[in-house]
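This briefing covers a protein fold and a few of its side-chain contacts. The sequence and structure come first, followed by notes grouped by topic.

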Amino acid sequence: MASNARLDHRNPLVFDTHELGRRPGALQRLTRTIDAPADLGLPGVIGVPQGAPVELELRLESVMEGVLVTGTARAQAEGECVRCLEPVGLELETDFQELFSYPDADDRGRLIAEPGDDAEDDEDRFYLEDGLFDLEPLLRDAVVLALPMQPVCQEDCPGLCSECGVRLADDPDHHHDAVDIRWAALQGLAGSPEDGEKDEMSGADAEAGVDEKQEK
């Protein structure tokens, strides 16, 4: 993957291979703890919070074509359960490997006039720049592949009640009595006199009052 931006050796995810040299077979092991860059993971789903520590163990091997980087990243990922929306924590450990090619060599280590002659091939390759390589794109790909697309707090999480939203894991016996909607409208009328009955009762009371006055 070719890049026009110059690498900054002060970036904690940029590594220097000058000490390794270009003698095939040379090895170098590195350990480094860095602060996680922004959006390391699946945004809005789960990922390593920005600034959280990420432990890196790297093995650099000089080969004919460039430097073969093999490594492991460890971090704490955080997200939200897709079923009950509770916080989810995940111990993340992911392995990765990539070849960072010398810009002046082809796949068989032979010198070439200009790197990037084959634009399509460049898109699939990583290159060293003045002996430096940027681990961030490789780290991002590895973390995304290691994280679950739909994180859950537990494998059998029952989720939320579809009617009231209560977390079902906290109340296993939670339920709602089913009501037949065909009878729901009649429940409000149960025990209430109909309009005709109200009128008859009012008329009867009035007549009783008149009779009492006449008797007096």
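A residue counts as buried under 20% relative accessible area, as exposed over 50%, and as partly exposed in between (1.4 Å probe, protein chains only). This is a predicted model, in which local features need pLDDT of at least 70 and side-chain atom pairs count only at pLDDT 80 or more, while totals for chains, interfaces and linings use all residues. Residues are numbered from 1 along each chain as its sequence is written, and side-chain values use heavy atoms, with hydrogens and water left out.

**Overall fold**

- The protein has four helices and nine strands, where helices (H or I, at least four residues) and strands (E, at least two) are DSSP runs numbered from the N terminus.
- Read from the N terminus, the order of elements is β-β-β-β-β-β-β-α-β-β-α-α-α.
- Of the 216 residues in the protein, 30% are buried.
- Among contacts (heavy atoms within 4.5 Å) with a separation of 6 or more, 63% join residues 24 or more positions apart.
- The protein has an accessible surface of about 14,600 Å², and carbon and sulfur atoms contribute 48% of that area; the areas come from the Shrake-Rupley method with a 1.4 Å probe, and for residues only the protein chains shown count as cover.

**Thr94**

- Thr94 belongs to strand 7 (residues 87-101).
- With a relative accessible area of 7%, Thr94 is buried.
- Leaving out residues up to four places away in sequence, Thr94 touches Gly71, Thr72, Ala73, Ala142, Val143 and Ala146.
- The Thr94 side chain comes to 3.3 Å from the backbone oxygen of Ala142. This is a polar contact, defined as a pair of N or O atoms within 3.5 Å; within protein, one must be able to donate a hydrogen and the other to accept it, and residues adjacent in sequence count only if both atoms are side-chain atoms.

**Arg140**

- Arg140 sits in helix 2 (residues 136-146).
- Its relative accessibility is 24%, so Arg140 counts as partly exposed.
- Apart from neighbours within four places in sequence, Arg140 is in contact with Pro37, Ala38, Asp39 and Leu40.
- A polar atom of the Arg140 side chain lies 2.7 Å from the backbone oxygen of Asp39.
- Between Arg140 and Leu42 the C-alpha to C-alpha distance is 9.8 Å, although the two are 98 residues apart in sequence.

**Salt bridges**

- Side chains of opposite charge can pair when their charged atoms come close.
- The structure holds six salt bridges, each a side-chain nitrogen of Lys or Arg within 4 Å of a carboxyl oxygen of Asp or Glu.
- One of them joins Asp130 to Arg6, with the closest N and O atoms 2.7 Å apart. Asp130 is in the loop between strand 8 (126-127) and strand 9 (132-134) and Arg6 in the segment before strand 1 (14-16), so this pair ties together parts 124 residues apart in sequence.
- Asp130 is partly exposed at 49% relative accessibility, whereas Arg6 is exposed at 64%.
- Arg74 pairs with Glu57, the closest N and O atoms being 3.2 Å apart. Because Arg74 lies in strand 6 (residues 66-80) and Glu57 in strand 5 (residues 53-62), the pair ties together parts 17 residues apart in sequence.
- Glu93 also forms a salt bridge with Arg74, at 3.3 Å between the closest N and O atoms. This pair links Glu93 in strand 7 with Arg74 in strand 6, 19 residues apart.
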